[in-house]
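Please look over the structure shown below. A short briefing follows, grouped by topic.

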Amino acid sequence: MSEKISLDEIKKMAQLSKLSFSQEELEQFFVDINSVVSHFDKLNQLDLSDVSPTSHISWSQPPSNPDEPREWPGRQEVFAHAPQVIDSYFIVPKVVDKQEE
Amino acid sequence: MEKCYLTIGLEVHCQLLTKAKMFCRCGTDYIGKEPNSLVCPVCMGLPGSLPVMNRKAMELAIRTAMTLHCEILPRVIFHRKNYFYPDLPKGYQISQFDFPIGINGTLEFMGQGEKKKVRIKRVHVEEDAGKLVHEGLNIPSECSGVDFNRCGIPLVEIVTEPDLHSPEDARDYLTMLRSIVRYIGVSDGNMEEGSLRCDANISLSLTEKTMGVKVEVKNMNSFRSVYHALEFELSRQQKCLAEGKKLFPETRHWDETRGVTVSSRGKEEAQDYRYFPDPDLLPHTIEQVILNDIQSNLPELPLEKKERFMFDYELTETEANVLVQDCSLANFFESCIKELNKPKFIANWVITEVLKNLNDLRQDIQHSKITPAALMDLLKMVDRKEISGTIAKSVLEDMFQSGAKAKDVIAKKGISFMSNEKELEKIVHQIIEQNPQSIADYLSGKEKALHFLIGQVMKVTRGQASPEIVKNILNKELSAERSLCGPREPF
């Protein structure tokens, strides 16, 4: 039997994901996530000691680029879609880490 | 105060010298460029874009790991390191996690005259983040500006084991590491411009066997600030321990202007980066032929070069150290020697005059107007005693500024070669006739009188004669006089 996820761990996950939920929602997640985790118990019944972890279904030579720069012509279009651009900077609400203050 | 045991580990990021970014074809030459002018859908994290690896970046990262004697892990897997910050448009940085390029390496460096060794824990490759601007002429104070030009530039991260034990060690290790990344051409290692960045982990313990509490120091932008930040942290932690206070794990930022470190966040609040393999990039294996090729093309490293210079050219350790710190300077020196086989003489000129001029002009040898051939044209004249060292120094200064040839500078300055001995002999005779007292003084054993006479000849020739030749002629003439006067009385 795998260890269940606690409500505190769910709150921590929400915090890390920068998401906020109501108490009811958190409780619903508690039920849902625990049922998902329980499902993994089934997988744990298999003996996989000789199988190495799969990080990707393909293991082959991937495409690669030569080290030759090329200009991308579409940046004006990106500027046009950005909420605000000043002096070619994308403008976002002030982000100063505590450490930078 | 009781004895303290200091332990330091460093994490260094170096921008790799590629022309294009790590996973797209945007250019990397971002310094001084208009913001967001080197961008594309991949490095701006636009939906639907897919990263494609730059072969050269991988090669440079492998070269770094091999040079640091790492065990190379030929399986390449990229991971996503997730964090939320506007300089990272995808919401994750493509990095490496459990399969870095290299592990278990070493680096040797000279620390306070002693050869020291640091273990390298890992070398991995990752992409750089963008830059945030918090103040600008037109950016409102409640806003920040984002520039993605730097976003996606390839980096290698080089992590040491906690093998350094003083701020001096940390600085000397960094100096050697910078020298090495420049030698092998993987990075320009410029800390002030941010192409080499360093974070430090430092801990202080009262016992040798146990490690203290790990404090991370960030935001050090020069070799000097790494040294000063660590010195500050050492004395701060010493004071805490002396007062019986408890240290706790934290991240501190170096404040250059105030010369202090400032706590930013407790380590217990450390972020969870939720690393997982990036499904957009295929795991793959680096072929052995490629590894062999990189291995066989590794250049000679600073310490090896230093030892060779000391052995082959009979230079002192100090001389060799100065010459090998910059690979282009070492190459420059060796090209000079091919023109005139007098290594000591040339080393002396390179270390004093060449470096002085480069320093004055804030140039490095690669970008200076002086070629080995140009310097040697001048030094050969000095060697043949056609011009004095003093004149050569002023000619060299001019050559550095104008890029003109030695001969042209000499002609322009109206310096004529007073190497014509016949002409010089005439002048020497004239001086001897005009200074009978000095001659008598010299003949009666006052060596100083000879210097006076040389000075007089130099004055008449307006400094254009070679003092060496003048001295030879004077000696010849005076020994003739001496033999006329009989043997000198002992005194």
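Which residue in β10(B) is the bridge partner of Val92(A)? It is Ser144(B).

This is a predicted model, in which local features need pLDDT of at least 70, side-chain atom pairs count only at pLDDT 80 or more, and totals for chains, interfaces and linings use all residues. Residues are numbered from 1 along each chain as its sequence is written, chains are lettered from A and ligands numbered from 1 in the order in which they are written, and side-chain values use heavy atoms, with hydrogens and water left out. Helices (H or I, at least four residues) and strands (E, at least two) are DSSP runs, numbered from the N terminus.

**The sheet with strands from both chains**

- An open sheet of 4 strands runs in the order β2(A)-β3(A)-β10(B)-β9(B), with antiparallel pairing; two strands pair if DSSP finds at least two bridges between them.
- Its edge strands are β2 (85-86) of chain A and β9 (131-133) of chain B, each of which pairs on one side only.
- Within chain A, β2(A) is joined by 2 bridges to the antiparallel strand β3 (residues 89-93), and Ile86(A) has Tyr89(A) as its bridge partner in β3(A).
- These two strands, β2(A) and β3(A), form a hairpin with 2 residues between them, and Asp87(A) in the turn has a positive phi of about 50 degrees.
- Between the chains, β3(A) and β10(B) run antiparallel and are joined by 4 bridges.
- Within chain B, β9(B) pairs with strand β10 (residues 143-147) in the antiparallel sense over 3 bridges, and Lys131(B) stands opposite Asp147(B) in β10(B).
- In a regular strand the side chains alternate between the two faces of the sheet.

**The contact between the chains**

- Chain A contributes 35 residues to the contact and chain B contributes 53 residues; contact means heavy atoms within 4.5 Å.
- The two chains, A and B, bury about 4300 Å² between them, with 57% of it on carbon and sulfur atoms. Buried area is the accessible area (1.4 Å probe) that two parts lose on being put together, summed over both.
- The rule finds 2 salt bridges across the interface of chain A and chain B; a salt bridge is a side-chain nitrogen of Lys or Arg within 4 Å of a carboxyl oxygen of Asp or Glu.
- Glu34(B) and Arg75(A) meet through their side chains in a salt bridge (3.1 Å, N to O).

**A sheet within chain B**

- In chain B, 3 strands form an open sheet in the order β6-β5-β16, and the pairing is antiparallel.
- The edge strands here are β6 and β16 (276-277) of chain B, each pairing on one side only.
- The antiparallel strands β5(B) and β6(B) are joined by 4 bridges, and Arg80(B) has Ile94(B) as its bridge partner in β6(B).

**Salt bridges**

- Over all chains, the structure holds 31 salt bridges. Side chains of opposite charge can pair when their charged atoms come close.
- Lys90(B) forms a salt bridge with Glu127(B), and their closest N and O atoms are 2.7 Å apart. The pair links distant parts of the chain, 37 residues apart: Lys90(B) is in the loop between β5 (79-82) and β6 (92-95) of chain B, and Glu127(B) is in strand β8 (residues 114-127) of chain B.
- Lys90(B) is partly exposed, at 24% relative accessible area, whereas Glu127(B) counts as buried at 5% relative accessibility. Buried means under 20% relative accessible area, exposed over 50%, and partly exposed in between (1.4 Å probe, protein chains only).
- Asp169(B) and Lys116(B) form a salt bridge through their side chains (2.7 Å, N to O). Asp169(B) lies in helix α2 (residues 167-183) of chain B and Lys116(B) in strand β8 of chain B, so the pair ties together parts that are 53 residues apart in sequence.
- A network of salt bridges links Glu233(B), Arg236(B), Glu250(B) and Arg252(B).

**Helix α8 of chain B**

- Helix α8 (residues 343-360) of chain B has 18 residues and reaches 24 Å from its first C-alpha to its last, close to the 26 Å expected at 1.5 Å a residue. The expected span is 1.5 Å times one less than the number of residues.
- At Val350(B), α8(B) bends by about 35 degrees; the bend is the angle between axes fitted to the seven residues ending there and the seven starting there.
- The buried residues of α8(B), among them Trp349(B) and Val350(B), pack against α6 (317-324), α7 (327-339), α9 (372-383) and α10 (389-402) of chain B.
- After α8(B) comes Arg362(B), whose phi is positive, near 50 degrees.
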